[in-house]
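Subject: Structure handover

Dear colleague,

I am passing on the structure we discussed, with notes on what turned up in it. Please look it over before reading the notes.

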Amino acid sequence: MKKNLMKKFVTTGLVFTMVMGGASAAFAKGNDHDDHGKGGNKNNFKMQSNIQINLNFNDMKSAEWALRYIASLSSKRVFEGYEDGSFRPSNTVSRIEAITAAVRLMGLRDKAESAEEMQTKLNFKDADKVPSWAVGYVAVALENDLFSESDDSVQPNKPADRLWATTLLVKALKLDTEAKTKMNSTLTFKDASKIPAGSIGYIEEAIEKKLIDGFEDNTFRPNQPVTRAQLAALLDRTSNQLPDEDQSVSTGTVNAVVANNVLTLTKNGVSTPYTLHPNVFILRNGVQVSAAQLQVGDEVKVDGFNNIVNYIEVTKMAQQNNVTSGTITAAVYNNNNVLTLTNSAGTTTPYTLSSNVVIYRGGVQVPAVLLQVGDVVNITTSGNQVTIQVTKLAQDNQGIDVIGLFNYSTPDAQGRIATVSLSQNNAATIYNVSPNVVITGDRTQLVQNHLVQLKGYNQVITSIEVK
């Protein structure tokens, strides 16, 4: 039974080309230049130039839990991947890497990479061990109280442990005063005795701000080295509490299906379009999804560079009243207005399309006749508006295009062609035929041994041309 839709209602890294051969690719100063903090645009995105973005790390299976943090930080150019497309989430982080990330998180990358800061004569005992590319970062970190008064060395290559990294980020949040008022707090970790008295306030402040917590066995493990994935989580949580976070992140509600690679958000009654990077990282319901899977009504936050969004996180999913999903098994043609879907349970249902249906395929609004057999779609109803969104395109290699001699056809219960037998090189093949098959040419010549051409998708013939 046909259903009238008008009545019924429906899987990473930011990789930059680095030029400092001896430094960590994640932090060495590259050819790109960051104009962070020097002006904005209507989307509040930091202006960049000559940045090559690849949002697909090739080694994240062991740390999928950290993908959201890593993608968010990469979109801000705070904590990046390597030239080979890896992120190396299990590698430990050195102190100089953590200092660099903290300075970038504070929005001070330009200053740290300026000629003036990079020429600073550092007074630390091991200044000669600080990589040349990182001198400006150390200088800026010192100017912003990321070191304590008693620090006489940087120890750039020493692994950053949990205690040291946590203290660094509390300082980056400018929470020294708050931390010092908590020095007499009582930490409940089993190994609290391993935390120096002068650090207890910093740990307590970090816990209150939800930057870090203990392990399942109620230990803190202050001396345990931090991995790149763990630091990413720490950095992202810290970023969310920085005073200027709202200046670098835009939020709003999706008010239209992504089309032509543009996402439109509404906030306070104002609609703003955002151009998406081809490899935009999108997190919805804790899972990485494609732009086609964003739903009207989703509340999101976005971040990017040069007015190009490369990170989207759905903070609240839209409430959908009626969504139908399935694979197109019979396409829409000019002489009908019926779309046939087969759902995951194998149930096939024809839908009569309303005149106001809006269809998006490949991010572009298209007429119904451009939907293809094999397309996976969501049919969504919102009020009186019906939207069909192709969430997965039919694969090109599933297409059928054969020429041969017609043998015979078999009918279905309604008398329509159900199968066709075609001979090629003395071998006969039987093909399933769509109930909406289009036949062109002289239909009276659809007889045995006459030449015909069959076309279709997903092993279903959608057109027969009589030669």
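Is Y69 buried or exposed? Y69 is buried, with a relative accessible area of 16%; buried means under 20% relative accessible area, exposed over 50%, and partly exposed in between, with a 1.4 Å probe and protein chains only.

First, the conventions. The model is predicted, so local features need pLDDT of at least 70 and side-chain atom pairs count only at pLDDT 80 or more, while totals for chains, interfaces and linings use all residues. Residues are numbered from 1 along each chain as its sequence is written, and side-chain values use heavy atoms, with hydrogens and water left out.

Aromatic pairs

The structure holds six aromatic pairs. Rings of Phe, Tyr and Trp (its six-membered ring) pair if their centres lie within 6.5 Å; planes under 30 degrees apart count as stacked, over 60 as edge-to-face and the rest as tilted. One of the pairs joins W65 and Y69 edge-to-face, at 6.3 Å centre to centre and 65° between the planes. W65 is partly exposed, at a relative accessible area of 47%, whereas Y69 is buried. Another pair, F281 with Y311, is stacked, with 6.1 Å from centre to centre and 10° between the planes. F281 belongs to strand β6 and Y311 to strand β9 (residues 308–316), so this pair ties together parts 30 residues apart in sequence. Both F281 and Y311 are buried. Helices (H or I, at least four residues) and strands (E, at least two) are DSSP runs, numbered from the N terminus.

Nonpolar core

A nonpolar core is a set of buried Ala, Val, Leu, Ile, Met, Phe, Trp, Tyr and Cys residues joined through side-chain atoms within 4.5 Å. The largest one has 70 residues, and those touching the most other members are F79, V103, V130, V138, L146 and L235. At least two residues of this core come from each of α2 (67–75), α3 (95–105), α6 (135–143), α7 (162–172), α9 (200–208), α10 (228–239) and β6 (270–284). Leaving aside residues up to four places away in sequence, V103 touches L108, R109, A112, Y137, V140, A141 and L146; contact means heavy atoms within 4.5 Å.

Just after α3, G107 takes a positive phi of about 80°.

In α6, seven of the nine residues are buried, so α6 too is largely enclosed by the rest of the structure. The buried residues are V135, G136, Y137, V138, A139, V140 and A141. What covers them includes α3, α4 and α5 (115–118). D145 follows α6 and has a positive phi, near 60°.

Largest pocket

The largest pocket has a volume of about 450 Å³. On a 1 Å grid over the protein atoms alone, a pocket is an open set of points where a 1.4 Å probe fits, with protein on both sides within 12 Å along at least five of seven lines, and lining residues have an atom within 4 Å of a point. Grid points are joined across faces, edges and corners, and a volume is the space filled by probe spheres set on the points.

The lining has 21 residues, with R95, S148, D151, W164 and T167 nearest the centre of the pocket. α7 gives the largest share, five residues. By type, the lining divides into eight nonpolar, eight polar and five charged residues. Here Ala, Val, Leu, Ile, Met, Phe, Trp, Tyr, Cys and Pro count as nonpolar, Asp, Glu, Lys and Arg as charged, and the others, Gly among them, as polar.

Loops

K174 is not a glycine, yet has a positive phi of about 60°. K174 sits in the loop between α7 and α8 (176–180) and is partly exposed, at 45% relative accessibility. N218, also a residue other than glycine, has a positive phi near 60°; N218 is in the loop between α9 and α10 and is partly exposed at 31%.

T92 lies in the loop between α2 and α3 and is partly exposed, at 46%. Not counting residues up to four places away in sequence, T92 touches E97, P225, V226 and T227.

Regards
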